[in-house]
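Okay, thanks for making time, everyone. Let me put the model up, and then I'll walk you through a few bits of its architecture.

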Amino acid sequence: MTRKWWHDKVAYQIYPKSFYDSNGDGIGDLPGIISKLDYLQDLGVDIIWLSPCYQSPLADQGYDISDYYAIDPRFGTMEDMDRLIAEAKKRDMYILMDLVVNHCSDEHEWFQKACEDPDGKYGNFFYLRDKKEGELPTNWRSYFGGSAWEDLPGTDKQYLHVFHKKQPDLNWENPELREEVYKNINWWLDKGLGGFRIDAIMNIKKAIPFHNYEPDREDGLSSLQNMLHEATGIGEFLGELRDRTFQKYDAFSVGEVFDEKPEEIPDFIGENGYFSSMFDFNETICGQSPKGWYDAKPVTPDDYKRCCFEAQERIGTIGFLSNIIENHDEPRGVSRYIPDGECCPESKKMLAALNFMLRGLPFIYQGQELGMENTTFASIDEVDDISTLEEYRNALEAGLSPAEALRAVSRFSRDNARTPMQWSDEINAGFTTGTPWLKVNANYTSINAAAQMDDPDSVRSFYKKLIALRKDPIYRETVVYGSLEPVWEDRHNLMAYYRKGDKMLLVIGNYQKEEQEIGLPSACKKILLNNYADVAMNGSVIKLHGYQLLILEM
């Protein structure tokens, strides 16, 4: 594998709207991010991914872009962005932006011109079909529920939107559209961006010609997965995208890639892959149901272990996965992957290390380093996320009571990760002096950065130690490039694996509150990390405390 500048880095995702508000309007902003760069540098972060801060009506929280060349005034100015890039560079940090090019906003100039002249140049920037009375072009269901087709205002046509109706899909079959996309990407890279996280990229290739699929719910519509499974040829688009943009700048790119076929992995993240890396979603999709969130199953410790090892085996040494516990589209990982009622500093640290020490690039989502947890909703009226509102409606239609439906969707709501960052125990968690755009999690008085910064036993301090271990010259080669070999795979509620390079490290997590014993297969040279103050070791036998995590040099 050719060594790349980003291989040994640690990435951190910021959701700008909820990170830090510098002007008291209740919305996080770019100056707020700049003011917290030293906090991130102290943690050990190298790469910062910003969720969208482009100009947008925020129908889907910025993933509906109305101007790819402008910063939304809610978040600041282009001068603020230039300053953020410059200040990050001073600290040897790289800024990534979100690349949202499967769709734009219906308020984008291209779409407005398509409405004015659907048969003209910009009509071909989108997927338009003639409107037929009582009949849709296809029976595809959008990701946010309902038909993926909407009337094109002022015309006798309809347009495709696989997400929200205010997010019309861009027609990647049109080379003129692709040229506009590449021009914009290179404009940002010329500014000094380190690269991009690429949003929803598997959706850019549709199965053509469009046609219906077997309905899979009572609404008579079909999941978009059926169409995507049939679509072929996305590599032509992605190879061109790489060659025309990222590769020219040696930029880092990480794809939001779902449903890739095993034989395609080298194409995606191999030696000359479309992307530098792609996210591992094996754990986040575990337990999902085609019926919706209300029917999803909890992820058990053994499920989590299996999902991690499956992903690692699938990738092997082909390339680098980007490993996550949570992101802006998921609930808080500690609330999802730790059994109900068992969230505590020890279990949070265990989960952190089991994920962080996997082969690949670790991504931390804002607040994850503090062990931030899911929030609680008193009613559906407190929910902002459009996806949660659709799943709530779906649960009601399935026969759940309002209370049952709220309880079901609360577990998975994207708002769990979007509540304001908990900086201190001051009002509004120190996020804003105004009224926060989304209610702060009530547990901010006990879980916040100020309380954890100088506490050597805090969750944040543990993350800092994990990052330091990854960068330690003695262990860096093994942690970054070493192989991963699972051990004791059949042991219930125990997750353990070797990282083997010029050193041999053993990562062990007792994934339960009860103690359990293990016998080490060889002698332990050194304990590198332990989330307890002690280790109950008798010869080669260790009695692990509940949720004890050990990283041993063997």
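Helix H4 covers residues 78-90, helix H6 covers residues 175-191, and they pack at about 55 degrees with their axes 10 Å apart. Axes here are lines fitted to C-alpha atoms, for helices over the stretch in contact, and angles run from 0 to 180 degrees between N-to-C directions. Helices (H or I, at least four residues) and strands (E, at least two) are DSSP runs, numbered from the N terminus.

Quick caveats: this is a predicted model, where local features need pLDDT of at least 70 and side-chain atom pairs count only at pLDDT 80 or more, while totals for chains, interfaces and linings use all residues. Residues are numbered from 1 along each chain as its sequence is written, and side-chain values use heavy atoms, with hydrogens and water left out.

Back to the helices: which residues of H4 meet H6? They're Met-78, Met-81, Asp-82 and Ile-85, up against Trp-187, Trp-188 and Lys-191 in H6, contact being heavy atoms within 4.5 Å. By class that's 5 nonpolar, no polar and 2 charged residues; Ala, Val, Leu, Ile, Met, Phe, Trp, Tyr, Cys and Pro count as nonpolar, Asp, Glu, Lys and Arg as charged, and the others, Gly among them, as polar.

Next, the barrel. It's closed, 8 strands, running S1-S2-S5-S9-S10-S11-S12-S13 with parallel pairing; two strands pair if DSSP finds at least two bridges between them. The twist averages 25 degrees from one strand to the next. H4 packs on this sheet too, touching strand S2 (47-50) and strand S5 (94-99), and its direction makes about 140 degrees with that of S5. Strand S11 (residues 277-279) and strand S12 (residues 320-323) share 3 bridges, with Ser-277 partnering Phe-320.

There's also an open sheet of 3 strands, antiparallel, in the order S6-S8-S7. Its edge strands are S6 (128-130) and S7 (149-151), and the twist averages 35 degrees from one strand to the next. S7 joins S8 (residues 157-160) through 3 bridges, and Glu-150 sits opposite Tyr-159 there.

Across the strands, Met-537 stands opposite Ile-542.
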